[in-house]
Amino acid sequence: MDKNFQEEFTQIIKFKPPLYKQRHQFVKDLVEKYKPKKVADLGCADCSLLRMLKFCSCIEVLAGLDICANVMQEKMHTLSPLPVDYLQPSERSLTVTLHHGSVAHKDPCMLGFDLVTCIELIEHLEEPELKKFPEVVFGFMAPSIVVISTPNSEFNPLLPGVMLYRHPDHKFEWNQAQFQSWALETARCYGYSVEFTGVGHPPTGMEKAGFCTQIGVFIRKYPRTGETEQSEKPTEAVYKTVFKAVYPSLKDEKYLQNAVISEVIFTAQIIKHRLMSKHHEYGDDPERKSKFQPSMDCFSDCLGKLVVEKNMEPFVSGNEVYIPLATIFSFPKVNRLCGTFEKLCKLIAGKVTLNSDGSAVMFNIERENEEN
């Protein structure tokens with residue numbers, strides 16, 4: 001939340017990368033280490049951390065919460081899917097949701113998260129909110145991991161222009177001992193362990209000042225039971241949802257079908273092209289034709305070296321070209337998308353031109369030539 005102000009007064013101490021990017025990278029590294037599926041960012045502000053995390057392949061659910069709806073709404077469009085996301089749907093599902101509300105209130109939409117981040121948040125809380133914060137995050141939400149970062153006041157004398165606090169909205173800024181005391185007590189009360197670290201190293205010879213941003217990583221010691229979660233779940237929502245985006249995914253049958261159809265047609269066209277090249281090369285000479293077996297090892301290396309059975313060989317009959325589905329299914333990408341041959345047949349049924357028994361993709365050469 002402080003990056004604009006920090007840009008102003010760090011004229012002498014230059015952080016490379018900028019401090020806010022170091023904080024975000026710290027969270028990203030943690031995500032890559034623990035692979036959480038559901039992540040919530042409390043105090044998400046301009047959604048910059050969420051924009052980074054949406055590219056982490058392990059995450060399937062992203063949620064942001066902030067007390068200021070206007071700030072979220074200015075940038076929330078950056079969390080929407082891009083055209084390329086529809087053209088090339090991911091194999092994972094991803095839902096991004098933004099909520100307007102206070103971290104001092106409980107809402108059932110914030111249950112079930114693996115990782116909760118609170119980056120430069122707690123110092124903006126009034127005393128009553130700060131008192132409720134541990135119960136909401138550690139007691140009610142109770143994720144497996146909580147990351148809390150906050151300014152280290154011992155570093156402030158090294159930052160030109162800082163008189164009291166680094167940001168006019170800060171209600172307090174703790175030194176290292178104060179933050180660690182609060183974090184250790186919170187961890188003890190709610191069954192967590194906590195490790196301390198930070199980003200923004202102090203200048204040489206001033207190591208005692210500590211990191212510019214101090215960070216506590218809380219790890220839940222024991223899993224929550226279903227009974228406990230149900231007993232603490234509030235009956236009604238208190239947050240207002242201001243944004244929701246569901247990304248296209250191959251887990252959705254509609255997007256999977258489109259991807260399979262496109263890949264089947266693309267693969268069949270390449271095979272047909274290679275087959276017709278050989279067909280025209282040998283012409284109508286029976287002796288030369290007999291030497292040509294249009295099996296997969298006739299094709300270029302880009303198609304891969306596949307060993308196929310006789311009934312998987314593509315062939316030309318009159319004006320028709322036949323590419324067996326079994327051949328197409330042998331290609332890694334088609335195989336990976338469908339999983340089973342039966343699924344392949346189901347997904348392309350009625351969408352791709354097949355021969356009478358449905359065993360091969362069929363092309364009419366004469367019709368294609370007329371269209372061209």
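Biologist: Which helix holds both Phe 179 and Trp 182?

Modeller: Helices (H or I, at least four residues) and strands (E, at least two) are DSSP runs, numbered from the N terminus. Phe 179 and Trp 182 sit three residues apart, about one turn of the helix. That helix covers residues 176-190 and is called H7.

Biologist: What kind of model is this?

Modeller: Residues are numbered from 1 along each chain as its sequence is written, and side-chain values use heavy atoms, leaving out hydrogens and water. Local features need pLDDT of at least 70, side-chain atom pairs count only at pLDDT 80 or more, totals for chains, interfaces and linings use all residues, and the model itself is predicted.

Biologist: Is Phe 179 buried or exposed?

Modeller: Buried means under 20% relative accessible area, exposed over 50%, and partly exposed in between, with a 1.4 Å probe and protein chains only. The relative accessibility of Phe 179 is 1%. Phe 179 is therefore buried.

Biologist: How are the rings of Phe 179 and Trp 182 arranged?

Modeller: Rings of Phe, Tyr and Trp (its six-membered ring) pair if their centres lie within 6.5 Å; planes under 30 degrees apart are stacked, over 60 edge-to-face, and the rest tilted. This rule gives 13 aromatic pairs. For Phe 179 and Trp 182, the centres are 6.4 Å apart and the planes are at 20 degrees, so the pair is stacked.

Biologist: And what type of aromatic pair do Phe 179 and Phe 196 form?

Modeller: Phe 179 in helix H7 and Phe 196 in strand E6 (residues 192-199) are 17 residues apart, so to speak a link between distant parts of the chain. Their distance is 5.9 Å centre to centre, with 75 degrees between the planes, and the pair is edge-to-face.

Biologist: How exposed is Phe 196?

Modeller: Phe 196 belongs to one aromatic cluster with Phe 133, Phe 172, Trp 174, Phe 179 and Trp 182. Its relative accessible area is 29%, so Phe 196 is partly exposed.

Biologist: Let's move to the strands. Why is strand E1 described as largely enclosed by the rest of the structure?

Modeller: Strand E1 spans residues 38-42. It is largely enclosed because the number of its five residues that are buried is four.

Biologist: Which strand does E1 join through five bridges?

Modeller: Two strands pair if DSSP finds at least two bridges between them. E1 also pairs with strand E4 (residues 115-119) in the parallel sense, over three bridges, with Ala 40 opposite Val 116. The strand joined to E1 by five bridges also runs parallel to it: residues 61-66, strand E2.

Biologist: What is the handedness of the β-α-β unit made by E1, helix H3 and E2?

Modeller: A crossover is right-handed if, with the strands pointing away from the viewer, the path from the first strand over the helix to the second runs clockwise. Here H3 covers residues 48-53. The unit of E1, H3 and E2 is right-handed.

Biologist: Where is Leu 94 found?

Modeller: Leu 94 has 3% relative accessibility, so it counts as buried. Contact means heavy atoms within 4.5 Å; beyond four places in sequence, Leu 94 touches residues including Ile 59, Val 61 and Ala 245. Its place is the loop between helix H5 (83-87) and strand E3.

Biologist: What distance separates the C-alpha atoms of Arg 220 and Ala 142?

Modeller: Arg 220 is in strand E7, and with a relative accessible area of 19% it is buried. Leaving aside neighbours within four places in sequence, its contacts include Phe 138, Ala 142 and Tyr 190. Arg 220 and Ala 142 are 78 residues apart along the chain, and their C-alpha atoms are separated by 7.8 Å.
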